[in-house]
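Student: Hi! Could you walk me through this one while I have it open?
Tutor: Happy to, just ask as you go.

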Amino acid sequence: MGMVHLHAHSYYSLLDGLQPADEMGKTVAARGMNAVALTDHGYMGGIPEFVKGCRAANVKPIIGNETYLAFGDAKEKSDFMPDNGVAEKAVNNGHFLLLAKNEEGYKNLMKLTKYSYEDGFYRYPRIDLEMFKQHAKGLIATSTCISSQCFKYWHWGEHAKIDRWCDEVREAVGHDSFFLELQHNNVEKQYGYNQYLIDLSKRKDIPLVLTADAHHQNQDQYKLRGYVMCVSMHKTPDTMPYEIQDHNAWMYDEDFAKSLCDDWQLPHEAVTNTQHVADLVDGSYFERVTRAPNLQLEGMTPEGTSLMLLKKAKAGLISRLGVNSWAEVPKAYKDRIKYEFQVIDEARYSSYFLVVQDYVSLAKGMGIPVGPARGSGGGSLISWSLGITAKHLDPVKHGLLFERFLNPGRVRITLDYSEDMKELENV
Ligand SMILES: [Zn+2]
Ligand SMILES: [Zn+2]
């Protein structure tokens, strides 16, 4: 058995994590591991880069999110007052680590993340237990770190609530998919909390996992992380709390993990169980479910889609320039259309342009103001001809470069939409 990092942050955990999401696969492969999870704080935007890096390193990607779980209804936007007589207000959430086991779990994780921003946001993007229970299929959950509800209940001496919380979560994800998370760090209370979790594990038959809660690749980067955290916590390095200088929040290997167990009398099975968790995960679905929409009209081949783009661009250009036929289009425009089409076609992005045109024209038809263009996007004559960019942005007339917008290393059309129906001409 080996070990797998089930709790790891990339630099998408802003001002907290340091490691590039696309390097995590390479890092763990070099340290003898066959899988790794990405669990940024409340956020899944790093997943595409992360999966790509894992594929290149032949490592199984485990898609996760360290969500924020509100104590009550996430729609209630208020601080939390523990009812045990502790006279301190608490931040109304606990960290809650979720991993997708399969495609269904991934889709549920996305639904929960969407909910956390749209409905549950209060200081942090939050879900709640009710919402979680409705979308728990295909997910793995853990008791998580010392910012979790489990730890907070332990800290407040409310042990019965830990039992109830564990029961509810385990019931929702299934008995094989809930784990108690041990960590070894610089936080004073972590040692005693670990011992409590070990007893809880025996009492309720819940397996243990050791996690690094990794925020950087190498051990010696802990100081750098401390400095980054100073920025987010508005502290200076000399007033930084000692515990955030955590020496063990890195992508360590199995031997190091076992030495941490020996240091704090934690069972080695907490390390080997991480591989067992990784083995529960299907690492293959991501590309299958995240393909960009492909314009597939009946009987149309990919070549047909490209020709449709060219045809539409030519017709659009004739109309934009106010001429009567293609023959009347000046040579500079013809050459530019031909060149742009070649690049787009080679990159197989014809469908993408047609889809963008479709939703831009739909938005305009519905009276939703659309921005004239964003950044380098104004440099495409094909976008201008299709009506994606505004009429006054003729890139040939204004000398705007297509290459800044699209070349083999960069393909993206960024647009602005108005939420309040105001014009966006000044964007
Ligand atoms: Zn945490
Ligand atoms: Zn974490």
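Student: Where is Asp205 placed?
Tutor: Asp205 is in the loop that runs between helix 7 (190-204) and strand 7 (208-210). Keep in mind that this is a predicted model.

Student: What is the phi of Asp205?
Tutor: About 55 degrees, a positive value although Asp205 is not a glycine. Most residues other than glycine have a negative phi.

Student: And is Asp205 buried or exposed?
Tutor: Asp205 counts as exposed because it has 9 C-beta neighbours inside 10 Å, and the cut-off for exposed is 12 or fewer.

Student: Now Asp213, where does that go?
Tutor: Asp213 is in the loop between strand 7 and helix 8 (222-233). Asp213 also has a positive phi, near 50 degrees.

Student: Buried or exposed for Asp213?
Tutor: Buried, because Asp213 has 25 C-beta neighbours inside 10 Å.

Student: Switching topic: which residues have the most contacts inside the largest nonpolar core?
Tutor: Val36, Ile62, Leu99 and Leu139, in a core of 79 residues. Strand 3 (residues 94-100) gives the most to this core, with 5 residues. Apart from that core lies another, of 21 residues, including Tyr333 and Phe402.

Student: What is Val36 in contact with, leaving aside neighbours within four places in sequence?
Tutor: Its contacts include Val4, His5, Met24, Cys54 and Ile62.

Student: Last one: how is the protein divided into domains?
Tutor: Into domain 1 (21-289) and domain 2 (293-424). The C-alpha centres of domain 1 and domain 2 are 44 Å apart.

Technical notes: Residues numbered from 1 in each chain as written. Chains lettered and ligands numbered in written order. Predicted model: local features only at pLDDT ≥ 70, side-chain atom pairs only at ≥ 80, totals over all residues. Domains from an automatic or database assignment. Helix = DSSP H or I, 4+ residues; strand = E, 2+ residues; numbered from the N terminus. Buried ≥ 20, exposed ≤ 12 C-beta atoms within 10 Å, placed from the backbone. Core = buried A, V, L, I, M, F, W, Y, C linked by C-beta atoms within 7 Å. Contact = placed C-beta atoms within 7 Å.
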